Amino acid sequence: MKGVLDLLVIVLCLVLGAALWWAMLDLPSSRIHLAEQVAAKLDASGVTHPVTAVLLNFRGYDTLIEVMVLFVALIGMLTQAEKGSQWLSAGYRPPPLPAPPFHLEVLQWLARVLVPLMILTAGYLLWAGAHRAGGAFQAAALLAGAGVLLNLAGLLPAWTTFRAGMRAGSITGLLFFVLAAAATAAAPHGHLLQYPAGWAGMLILLIETGLTLSLGLILAGFFLLLSAEASDGSDTEE
Amino acid sequence: MTSALIYALTGAALFLIGVAGLILQPHLLRKIIGFNIMASGIFLVLVGLGQREGSVDPVSQAMVLTGIVVSVAATALALALARRLLDLTGKMRLPGSGEGMPGKKPDA
Amino acid sequence: MTLDLLLVAALLWTAVQSLATPNLFRGVVLFIVFGLFMALVWVRLHAADIALAEAAIGAGLTGALLLNGVGHLRAKQQSTLP
């Protein structure tokens with residue numbers, strides 16, 4: 001019975017795949033050329049890299065809602081925390097880190113060398129996003145990677161609580177973005193995230209800086225929250 | 001046939017590989033992997049179809065960049081939920097699935 | 001074109017294997033390899049932004065999260081075994 005059902009799923013997937021392939025090969029060429037529209041307005045966007053122009057200017061509201069999604073995901077993970085009462089209490093301090101085992105010393109040395117370089121590269125990526133590949137997301141991912149490396153090397157404790165500094169840091173970028181959106185929408189003759197002429201480049205850089213810090217904290221938080229539960233579980237069971 | 005169209009067709013295939021994995025594998029971590037492969041397939045279709053006439057399309061690239069970041073958030077939330085289920089039930093599979101297979105050992 | 005077809009083959013193989021291989025740890029590692037192949041594909045599609053994000057987030061962070069999940073699962077299984 002199980003085998004027959006499995007086979008049915010595979011056959012249905014193959015049929016759907018054939019239909020998708022047929023639809024793609026039969027697709028007429030598009031009459032809307034978004035790339036040309038982006039290129040025509042690129043000078044007014046405040047940046048010279050088209051992907052950044054789309055992300056932070058032409059379709060800035062997509063990015064705004066995406067950051068909200070990330071924040072909601074972090075909140076959702078907090079609600080799944082094992083020790084519900086302890087998590088959100090402001091006074092809770094995590095226990096001090098134990099002395100590292102010998103095999104971690106090499107990793108700690110590596111982390112101490114690499115993490116400053118990663119932070120430097122994140123800063124470069126943030127700045128480079130205005131005119132070439134790079135930007136807030138890649139920079140934030142590097143910062144989060146630095147956080148993961150520090151945690152694995154035993155230099156950064158996992159999040160067993162969600163302290164005020166973390167709350168403030170993970171919401172700052174989003175708040176600034178929302179403020180910019182509200183200000184541009186409220187301005188006379190303004191539309192949502194339509195930056196005033198001449199200010200676009202500066203505003204995009206400020207928004208991206210805030211997003212890098214907050215997204216880096218949120219992405220690192222995804223890992224640090226999950227690794228906290230892992231160590232909690234093994235501690236209580238042993 | 002441009003190479004972008006080849007990648008779009010590959011994306012459709014990857015999407016369905018992910019769907020099959022999501023349905024057929026009882027283990028929740030496998031389901032999460034299948035879900036990520038589905039997402040990668042969709043991203044390939046978006047960019048591949050957008051660029052199938054050979055020109056680079058920054059709009060679809062920006063959308064996919066957004067999508068990658070959202071998919072890691074979804075993965076993290078799914079892992080938190082799966083871990084909660086593991087702590088509550090001791091199993092990493094959905095209630096009611098995989099119970100009727102005595103010969104099959106759970107993944108190590 | 002040859003490179004594209006090789007990449008396509010590598011993507012499909014790692015995707016199927018990461019879902020079908022019996023060992024879960026192997027599956028997660030193959031998924032990380034899949035993410036790195038995806039990053040190469042984005043370079044082939046002239047999407048350097050996505051390639052950077054995919055390598056850092058798709059392969060790196062998602063891989064770390066999944067490996068952490070496998071580790072937690074193993075710790076749980078060892079603690080429940082007599």
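1. Chain C brings 44 residues into contact (heavy atoms within 4.5 Å) with 41 residues of chain B. The model is predicted, with local features needing pLDDT of at least 70 and side-chain atom pairs counting only at pLDDT 80 or more, while totals for chains, interfaces and linings use all residues. Residues are numbered from 1 along each chain as its sequence is written, chains are lettered from A in the order in which they are written, and side-chain values use heavy atoms, leaving out hydrogens and water.

2. About 3,700 Å² is buried between chain C and chain B, 75% of it from carbon and sulfur atoms; buried area is the accessible area (1.4 Å probe) that two parts lose on being put together, summed over both. Of the area that chain C buries against chain B, L19(C), L24(C) and L45(C) supply 19%, more than any other three residues.

3. One salt bridge (a side-chain nitrogen of Lys or Arg within 4 Å of a carboxyl oxygen of Asp or Glu) is counted between chain C and chain B. K76(C) forms a salt bridge with D87(B), and their closest N and O atoms are 3.3 Å apart.

4. In chain B, the axes of helix α2 (residues 28-50) and helix α3 (residues 58-89), being lines fitted to C-alpha atoms over the stretch in contact, come within 10 Å and cross at roughly 170 degrees. Helices here are DSSP runs (H or I, at least four residues), numbered from the N terminus. The crossing makes α2(B) roughly antiparallel to α3(B), a term for angles over 145 degrees, on a scale that runs from 0 to 180 degrees between N-to-C directions.

Terms used:
Helix = DSSP H or I, 4+ residues; strand = E, 2+ residues; numbered from the N terminus. Parallel < 35°, antiparallel > 145°, perpendicular 65-115°, else oblique.
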